[in-house]
Amino acid sequence: MAGPEAQLQVEDLEKKKKKEEKAREKELKKLKAAQKAEAAKLQAQVSSASKVGKKKNVKREAEEENPEDFIDPETSFGEKKHLARQMAKQYSPSAVEKSWYEWWERSQFFTADASSSKAPFVIVLPPPNVTGALHIGHALTAAIQDTIIRWRRMSGYNTLWVPGMDHAGIATQVVVEKKIARERHLSRHDLGREQFVSEVWKWKNEYGGIILKQLRRLGASLDWSRECFTMDEKRSKAVTEAFVRLYKEGLIYRDVRLVNWDCVLRTAISDIEVDYLDIKDRTLLKVPGYEKPVEFGVLTSFAYPLEGEQGEIVVATTRVETMLGDSAIAVHPEDPRYSHCHGKFAIHPFNGRKLPIVCDAILVDPNFGSGAVKITPAHDPNDFEVGRRHKLEFINIFTDDGKINSDGGSEFAGMPRFKAREAVTAALLTKGLYRGAKTNEMRLGVCSRSNDVVEPMIKPQWYVSCNSLAEQALQAVFDLDSRKMEIIPKQYAAEWKRWLENIRDWCISRQLWWGHRVPAWYVTLMDDERQEFGAYKDHWMVARNEEEAQIEANQKFPGKKFQLSQDPDVLDTWFSSGLFPLSVLGWPENTEDLKAFYPTSVLETGHDILFFWVARMVMLGIKLGGDVPFSKIYLHPMIRDAHGRKMSKSLGNVIDPLEVINGITLEGLHKRLEQGNLDPTELKVAKEGQMKDFPNGIVECGTDALRFALVSYTAQSDKINLDIQRVVGYRQWCNKLWNAGRFAISKLGDDFIPPTKIVPINMPFSCQWILSVLNKAILKTVSSLESYEFSDAASAVYFWWQFQLCDVFIEAIKPYFTSKDPNFVSARSFAQDTLWVCLDNGLRLLHPFMPFVTEELWQRLPSPKDNTRKESIMICDYPSTVECWSNERVENDMDTVESAVKSLRSLRESLPANERHERRVAFALCRSVAVAEVIESRVLEISTLASLSSLKVLREDDPAPAECKVDVVNEFLSVYLKLQGTSFNAKAERERLKKKTEEIQKQQESLKKIMSASGYQEKVPPHIQQENVAKLTKLMQELLSVEEAAEQLGNESK
């Protein structure tokens, strides 16, 4: 299966395989070097520490660090990872992410059980092409789907995530054809079909499927025991069965119609394999098979003489060579210029064919050009419809490889189509019929596989009748009484409706050798008048095998002698991938997997293949499986670069996920470009693009950081502008997590026994608070995951870890561990219990997003005394809220504390750089009893978090402290930071307070403007009006507080 973004063409996967092996060797060397460097660094730290220790503490000498204690021992493949005795001082992605996946897989944590009593949750991985290598689109798919599946697994579901691979008909055939041409200078026609297909299977077995190995690097917890391939025996049986059943029901038929034809590949191609170039001016383009560039964007006018020498009629075309297949000229019935031509004929100048002049109000716009249109029914979609309406002759003038055939006239026969374009123009000039050429904007269809210009051609093909199937697929989404599917985001439901209401029958045959052979045999009777293949429509036998076809032929033509020949065509790759949710579970057999896991739960993919793949799965699933194949469709955005540009090799902005995970130098990025097939100009532009975006290359970010960044980006509408610096930021955040883990383990100690029950009401304030906000984080994360708002879920987890656990709680409890105050003994114990509970819950909460670092840190946490916890974090229960943890009062009090701390830190930051680190005296002026009580009871937390030497609480009647910087926290609280000597600058303080005043006044004016607007009282809901009144009151009180502080400052400076 191949979508525009879900594909990566690989010219030579032999090189890719070797490159992967070298990368693994390089990664191993890099890891060993990093370990040595860490050991040396630690040795230096130990040496330095021992010198200090001699002066400070003799006991420290006996506890010197051993560098080897910080390096993980070697772990055999598939064994549970052996962890170092001590946690490394710095987070290293390559060290942390090593060995876990192989252990998970060998332990069968990914394997689903069809006989389980648990509720099933099933995702089918969009099958990547067998030719594919991992690109950033695959990484996004894997990150989202693995997040879903790990969360559901931890939530108690019998999860199944099925991996598969698509045979990718055209892409694979092209790769192998090029390989044979390069190595043996042979074409597939030289080898013959049977030997060529054998070569493709050899290539597939040796080089295909690299991407599935790369998905393991992303931590994708796929059930590898159910891995499948669209052309393996079971899937091939399903494809044949589906074709036969649909044919027997009259939903598959054979017809002669217009298709997108690739003259290089010599096959029909699907719409999704056609890229369109917008041509604004005369443009020279390279076309495969032509030495010189071909000119496009030119509208050529020429005249057809009317029969009986009654004048001429001028037409225009961008494809003048197709006039060799013209069978009519169309005019608008109400165009007075051509009323005398109705029912008349024009004469073809090269073959004398009579061309009827037909009236067609649907096609012809009398105001465009000459108002007369040449009609080539066999080579233009619009003309094809005109040909049907007026029963015109369909004349195919091209051979399969794009040369003019005998129907194009002996003068031009054998010419390649674009050389014929020049020849036809010259011949028209010679005959005096050429009327000039001008620039013309146009859209040019080009095959994404071969770069050939697509040629509309009329060909006999197999089609699926889609109207009745589309109606069922529409009802599944829009029938309010029995809706079976939901599309997320909702805006794509409109696109679903538009596609299916205007659906055309689906061409499912391809003129390739690699793929599922069409299960249809043509019967050539010995007494048939026409002996050519496919001459009679009723001579086709559709069957599961040749023996069955033979039986059917005997029944249809009793006593007749005949020869059976199977259709040489193969089926469209989208046909087999459209059956994937059924075929991966064993359909058409009624397997245990099919009974347990169909329909699946959710389909997650890019919105670009909503019609080409998703809609077809739904149509085939309902028809053949008896139900929709999934109940939810989640469509992720398309990834662009940081500047919003589509990723392109020629721009140098293609991002390889493995390069982000492992890191790469700028030189390495350049080298990858040089190994491609860019011309010198494109290479120069691409390198310049890389130098601009990645001047220092890409640092090693690891899988966890990349996954978290990609999931966090999903809120960006239909496109993701991926900035690698954001991934780097999350890699640094992993270091923060690592340090939080190190802190916790160091404070818990070797003898710590995790609590069996937590009773917050008995705990210190900060412990009560962190448990309450943890409850909220769990609730927000789970509700966001349930509604497929992955960015919100990631943000909720990130916010709790970063801004609540690390920035506040860990800092707030440090005095319990550093102070020898006997009053802290109980608080210290509570802090340890809370720390363990937070890390245990927090790591489980984060695990679906970041599987590797969470597993490593969780494995280091002390186990409960009864040692009943699960073997891996990935099979633990996902956190759920605990009612007694929630405490709104404590959260509100902490909001006041944090606001005060923020203001005090802001005052500190405004000091000269050399004075910012001194602990200073601070004052809190409280204008309400409630706020004063909170501040007085939270002096320890505020002093700790704001790095104060002391904090004194003042009441409204107390005089404001002198020589202080002041900040108004809110209408009830102002904070003062004591200054010493020259630090106090009254003028600067007055200026700062003036700016604050102006800022508050600006907010006031803005709010007053809203509240005084026309219709405000009638249109704005009462609760919003009440909120605005409260906001305005608060701003007025804050303004008074700032003015009061400014007045006090003025008094001091007098």
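Author: In this predicted model, D326 is buried, with a relative accessible area of 0%.

Reader: Where does D326 lie, and which residues does D326 touch beyond four places in sequence?

Author: D326 belongs to the loop that joins β11 (312–317) to β12 (328–331). Its contacts, with residues up to four places away left out, are F302, Y304, H348, R353, L355, K374, I375, T376 and I395.

Reader: What makes the pairing of the D326 and T376 side chains a polar contact?

Author: The cut-off for such a pair of N or O atoms is 3.5 Å. The side chains of D326 and T376 make their polar contact at 2.5 Å, within that limit.

Reader: How do you know that helix α22 is largely enclosed by the rest of the structure?

Author: Of the 11 residues in α22 (residues 702–712), 11 are buried, so the helix is largely enclosed. Among these buried residues are G702, D704, R707, F708 and S712.

Reader: Which residues have the most contacts inside the largest nonpolar core, and which helix gives the most to this core?

Author: The largest nonpolar core has 160 residues, and L722, W801 and F849 have the most contacts inside it. Helix α25 (residues 790–818) gives the most, with 15 residues. A second, separate core has 68 residues, including V122, Y492, A520 and F611.

Reader: What does W801 contact beyond four places in sequence?

Author: W801 is in contact with W733, L737, A740, C806, L839, G842, L843 and L846.

Key: Residues are numbered from 1 along each chain as its sequence is written. This is a predicted model: local features need pLDDT of at least 70, side-chain atom pairs count only at pLDDT 80 or more; totals for chains, interfaces and linings use all residues. Side-chain values use heavy atoms; hydrogens and water are left out. Helices (H or I, at least four residues) and strands (E, at least two) are DSSP runs, numbered from the N terminus. Buried means under 20% relative accessible area, exposed over 50%, partly exposed in between (1.4 Å probe, protein chains only). A polar contact is a pair of N or O atoms within 3.5 Å; within protein, one must be able to donate a hydrogen and the other to accept it, and residues adjacent in sequence count only if both atoms are side-chain atoms. Contact means heavy atoms within 4.5 Å. A nonpolar core is a set of buried Ala, Val, Leu, Ile, Met, Phe, Trp, Tyr and Cys residues joined through side-chain atoms within 4.5 Å.
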